[in-house]
Amino acid sequence: MASRTVGASGLQVSRLGLGTLTWASTTPTAQARAMVHDFVEAGGTLVDTAPTYGSGQAEELLGKLMHSDLTRDDLVISTKAGFRVEDGTRIIDTSRTALLKDLEGSLRRLRTDHVDLWQVHAW
């Protein structure tokens, strides 16, 4: 699969990314596992997730797969911060405190000490 550089960062990512929005909600674990294996086998590296996907369960599943099925260095992990849902209400909080709290939670759920691409999940 072709790759490209993210801006001037030097970070190389696959031109196609694998999104995890439905993981652990409507996409069962076995299907998610098969998807990521097929994606990596096809040369994909960029996997996109967020704390809000499945209320954190998508990141937890990806973290589990990175420890049982995959090598962390084979993936470029993209996650987000600054957006959450509480009692059905969308809350955007891009304060330093909220962003760092989101990052800390993502790292814990992903079982890693770093993410490769971190974005503000607000519009």
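Modeller: Contact here means heavy atoms within 4.5 Å. This is a predicted model, with local features needing pLDDT of at least 70, side-chain atom pairs counting only at pLDDT 80 or more, and totals for chains, interfaces and linings using all residues. Residues are numbered from 1 along each chain as its sequence is written, and side-chain values use heavy atoms, leaving out hydrogens and water.

Biologist: Okay, Glu59 first. Which helix does Glu59 lie in?

Modeller: Glu59 is part of helix H2, residues 57-68. Helices (H or I, at least four residues) and strands (E, at least two) are DSSP runs, numbered from the N terminus.

Biologist: And is Glu59 buried or exposed?

Modeller: Glu59 is buried, its relative accessible area being 0%. Buried is under 20%, exposed over 50%, partly exposed in between (1.4 Å probe, protein chains only).

Biologist: What does the side chain of Glu59 make a polar contact with?

Modeller: The side chain of Arg109, at 2.7 Å. A polar contact is an N or O pair within 3.5 Å, within protein one able to donate a hydrogen and the other to accept it; residues adjacent in sequence count only if both atoms are side-chain atoms.

Biologist: Which other residues is Glu59 in contact with?

Modeller: If you skip neighbours within four places in sequence, Glu59 touches Thr49, Ala50, Pro51, Thr79, Ser106 and Leu110, as well as Arg109.

Biologist: Switching to the sheet. What's the strand order?

Modeller: E3-E4-E5-E8, an open sheet of 4 strands with parallel pairing. Strands E3 (17-19) and E8 (117-120) sit at the edges, each pairing on one side only. From one strand to the next, the twist averages 25°. Strands pair if DSSP finds at least two bridges between them.

Biologist: How many bridges between E4 and E5?

Modeller: 3, in the parallel sense, joining E4 (residues 46-48) to E5 (residues 76-81). Val47 has Ile77 of E5 as its bridge partner, while Asp48 is opposite Ser78 in E5.

Biologist: How many of the residues of E5 are buried?

Modeller: 6 of its 6, so by the under-20% cut-off E5 is mostly covered. Both faces are covered. Val76, Ser78 and Lys80 are on one side, with Ile77, Thr79 and Ala81 on the other.

Key: Axes fitted to C-alpha atoms, helices over the stretch in contact; angles between N-to-C directions.
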